[in-house]
Amino acid sequence: MIRTAFGATAIALILAAPAAAQDQSIIVQSTTSTANSGLYDHLLPIFADETGITVNVVAVGTGQAIRNAENCDGDVLLVHAKPSEQAFVEAGFGTGRTDLMYNDFVIVGPAADPAGIGGMTDAQDALTRIAEAGALFASRGDDSGTHKKEVSLWADTDVDPGTGSGDWYRETGSGMGATLNAGIGMGAYVMTDRATWISFGNKQDYEIQVEGDADLFNQYGVIPVNPEKCPSVNIAAAETFADWLLSETGQAAIGAYRVDGQQLFFPNAPES
C-alpha cells in the first residue's frame, strides 16, 4: 500500500509490456512538466521492465488532470498543487497523497530586462516591478499548477494583474511550452518550472531573471485514485506504480535523471 512536459493537449506515452502482462495497465493523469522534461521517458521503461505494467500518461495542466481523475479517467494522479491535491483526497477521490519530488519555479525574461528584475530573489517584488513598469508578462492562465502558484504570488502583492489583462498581462490559456514560445515571441516575462525551462529548446536571448525565493518551491505529489469513487480503477497496479516511485529504486531513478548535466527533479518521499 502507498505510504500515506508542450501545451494543454493530452499527451499519451505508452510503453510496451511483456505479452503476459498486456492486461496490466494504468492511466496516470499528470502535470505537463514531468512529460515535457522527458522524466517519464527515463522512468517508465525501468518500471515496465521490473513489473510488466504498461503506463499510459495523460499530460495536461494540474487543474485539468485533477478534474480528469475526479471523472474516473485515470488510476494515478501525479501533479504539483498541494492544496488542490489535499482537497482531492479529502473529497474521497484519492486513497492518500505522498510527497514525491520537488524542484522550483523561476521567472525568465529577455536579456534586455525592461523591468530591471535580473538577479532578484523576491518573486513578489519582481512581479510588482514588472507591473509598475508595464512590462509584458505571459501567464498560462489555465489553472495548471504553475498558474495556481503564479496567482498565489500575485495575491501577496498590491497588484491585481487582471486590471492589465490584454495589455501588459497576457493570458495564453496554454501549456508551459506554448506559453514560453508565446512569451518569447512577444518579449514577455514568463514564470516556468525549472525542469521545463532546462529542457526547452527555444530560449533565444532569454535567461533566468528571478530565482531562489522560498515561495518558488515546487512540490510534486502522487495519489492513487480511490476505487470506492471510481470502481474501474486498477488499484493494484496503481499502488504498485506509486509505491515504486516512492521506493529507493524509484527515488534513485528520479534523482539520476539529467538534461545537459543538470538534475531536474529532487526526490523527497518520506522514509518508511
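In which helix does H147 lie? H147 lies in helix α6, residues 145–155.

## Basis of the model

This is a predicted model, in which local features need pLDDT of at least 70 and side-chain atom pairs count only at pLDDT 80 or more, while totals for chains, interfaces and linings use all residues. Residues are numbered from 1 along each chain as its sequence is written, and side-chain values use heavy atoms, with hydrogens and water left out.

Helices (H or I, at least four residues) and strands (E, at least two) are DSSP runs, numbered from the N terminus.

## Surroundings of H147

H147 counts as buried because its relative accessibility is 13%. Buried denotes under 20% relative accessible area, exposed over 50%, and partly exposed the range in between (1.4 Å probe, protein chains only). Residues up to four places away in sequence aside, H147 touches S139, R140, G141 and D142; contact means heavy atoms within 4.5 Å.

Strand β4 spans residues 76–79. V76 and L78 point one way from the strand, L77 and V79 point the other way, and all are buried. In a regular strand the side chains alternate between the two faces of the sheet.

Two strands pair if DSSP finds at least two bridges between them. Strand β2 (residues 25–30) runs parallel to β4 and is joined to it by three bridges; Q29 has L77 as its bridge partner in β4. Strand β10 (residues 217–224) runs antiparallel to β4, with four bridges between them, and the partner of L77 in β10 is I223.

## The largest pocket

The largest pocket has a volume of about 230 Å³. A pocket is an open set of points on a 1 Å grid over the protein atoms alone, where a 1.4 Å probe fits, with protein on both sides within 12 Å along at least five of seven lines; lining residues have an atom within 4 Å of a point. The volume is the space filled by probe spheres set on the points, which are joined across faces, edges and corners.

Helix α6 gives the most to the lining, with four residues, and α4 (82–90), α6 and β10 each supply at least two. The lining includes H80, K82, F105, K148 and F217.

## The disulfide

The structure holds one disulfide, defined as a pair of cysteine sulfur atoms within 2.5 Å. The bond joins C72 to C230, with an S to S distance of 2.1 Å. The torsion about this S-S bond is about -75°, so the disulfide is left-handed. C72 lies in the loop between α3 (62–70) and β4, and C230 in the loop between β10 and α9 (235–246), so the pair ties together parts that are 158 residues apart in sequence.

C72 counts as partly exposed at 29% relative accessibility, whereas C230 is buried at 1% relative accessible area.
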